[in-house]
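Here are some notes for a first reading of the structure. Please keep the model open beside the text and check each point against it.

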Amino acid sequence: MNDRPLDPHLTLQAALDGELDAASQAAFEHQLAGDPALAATYERHLALRRALQTRMPRTSAPPALRARLQAATGAAIATPARAQRRDFMKMAAALAIGIGLGGSATYLILQRRAPGVDEALIANHRRALLAGTPVDVASNDRHNVRPWFDTRIAISPPTPDLATQGFPLLGARIDVVNSAPAPVLVYRVGAHVVSVTALPGDVTSRQADDDAGFHVLPWRHAAFTFLMVTDAERQELTRFADAFKAALANDAAAPPAP
Amino acid sequence: MRGSHASCARLTDETRSRLFREVVMPHLDDAFVFARWLTGNPTDAEDVVQDACLRALNGIEHYSGGNARAWLFSIVRNTTFTWLARNRPKTLVLTDDLESAARDASTVMETLTPEAQMIAQADAALLQASIDALPAPFREALVMREFNGLSYREIASIVDIPVGTVMSRLARARALLIERIGKEMS
């Protein structure tokens, strides 16, 4: 996309859609500053985007359709089939790490720690806090975050806008959970951050765990299990979780989409 | 449910169902939103999505582990076209003759330029009518981007066009919407 200079109107689309890399975005913003006509066009596009996002009714698949498809594929056997696969993947991951470290004792310890996803999530969250920034892509616009996931992994979870409730979106990153890449939304909660990892399907997690000051709160919704991890106070996590659930539930009721 | 061709025999029904639940089901809502915009109403969208999902189930071995949503969208899109050709032959617009229109998107741009503020006032009915009036190739690109949140690369792979064409179709779609809103509201 950056091989040749683009028509400014096409660059404008890419800027609007969060498809420019940082350098091109900066160049475009520079161009905007010096070109009132282009800036006005950009404003119109932003207004259109906002109108489309807020005014258009959102729909989700009819429950009857979902039920028919689940019946057609025998949802009853879903749980054992998934669990089996996860166990195998966990074993494979543990084995790979074990071989990598070359010690059978290490392998046993790692294997024993493998059981919950919680440890992995807390470790990911902690690592993110230690890094320069907890996100791979910084954006407070959820419409940039979803395509960003899409270009990298197959999964793009619903991303509610919670800025008005006091939980601004900081951006997103991709972690590895159960040896598969997983999308993580990052929100600010007071002075802390919450990592929301979205795993497809049902994921068993110990409810609301406390592990050295870290809290994990799972929530199953719309084909995903959202696992919220934070180092903030429990009550703050609960407040955030309530806002997050309400926003997505509203989307579903009022009908949802991106 | 089991297909008749030889490749299907390699997967058991159980594996097929499991793959379906992992690959297709998480994207059911998105598929429905997409089909609803393409067909124009929820009843037809339900038919199309169900049809597409059964196709996906029968052809699950063709899913090669890439972007599951893009894979499902291609199936939904093809199913929609088949469905439209059968049920509403008049609405089907061939995409090729629209390419030239898409190319000069930027030149048509500034004919009518409502204020951003006016666009912000556009109500649901006007937006709906404006989107419905878009030529199909522009509409599908817009819907995938605005209502499904797909990336340019995904749209390009689903429609099988270059990323540059995705961009020009979006530019054209948005220009047409802005133009129409300006016309209707002034």
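1. Two packed helices are described by the angle between their axes and the distance between the axes. Axes are lines fitted to C-alpha atoms, for helices over the stretch in contact, and angles run from 0 to 180 degrees between N-to-C directions. Helices (H or I, at least four residues) and strands (E, at least two) are DSSP runs, numbered from the N terminus.

2. The model is predicted: local features need pLDDT of at least 70, side-chain atom pairs count only at pLDDT 80 or more, and totals for chains, interfaces and linings use all residues. Residues are numbered from 1 along each chain as its sequence is written, while chains are lettered from A and ligands numbered from 1 in the order in which they are written.

3. How many helices and strands does chain B have? Chain B has 11 helices and zero strands. Of its 186 residues, 47% are buried (20 or more other C-beta atoms within 10 Å of the residue's own, with C-beta atoms placed from the backbone; 12 or fewer is exposed, and in between is partly exposed).

4. Two residues are in contact if their C-beta atoms, placed from the backbone, lie within 7 Å. Within chain B, take the contacts between residues at least 6 apart in sequence: 75% of them join residues at least 24 apart.

5. Between the chains, 52 residues of chain B are in contact with 49 residues of chain A. Helix α11 (residues 163-185) of chain B supplies the largest share of the chain B side, eight residues. By class, that side divides into 29 nonpolar, nine polar and 14 charged residues. Here Ala, Val, Leu, Ile, Met, Phe, Trp, Tyr, Cys and Pro count as nonpolar, Asp, Glu, Lys and Arg as charged, and the others, Gly among them, as polar.

6. One helix pair spans the two chains: α4(A) and α3(B) pack at an angle of about 20°, with their axes 11 Å apart. That angle makes α4(A) roughly parallel to α3(B) (under 35 degrees; over 145 is roughly antiparallel, 65 to 115 roughly perpendicular and the rest oblique). On α4(A) the contact uses Leu65(A), Arg68(A) and Leu69(A), and on α3(B) it uses Glu46(B), Val49(B), Gln50(B) and Cys53(B). Four of these residues are nonpolar, one is polar and two are charged.

7. Is helix α2 (residues 28-39) of chain B enclosed or open? All 12 of the 12 residues of α2(B) are buried, so this helix is largely enclosed by the rest of the structure. The buried residues of α2(B) pack against α4 (63-72) of chain A, and against α3 (42-58), α4 (68-87) and α9 (136-146) of chain B. From first C-alpha to last, α2(B) reaches 16 Å, close to the 16 Å expected at 1.5 Å a residue (1.5 Å times one less than the number of residues). Gly40(B) follows α2(B) and has a positive phi, near 95°.

8. Inside chain B, α4(B) and helix α10 (residues 152-159) pack at an angle of about 40°, with their axes 9 Å apart. The two helices α4(B) and α10(B) are therefore oblique to each other. Their contact is made by Ala70(B), Phe73(B), Ser74(B) and Arg77(B) of α4(B) with Glu154(B), Ser157(B) and Ile158(B) of α10(B).
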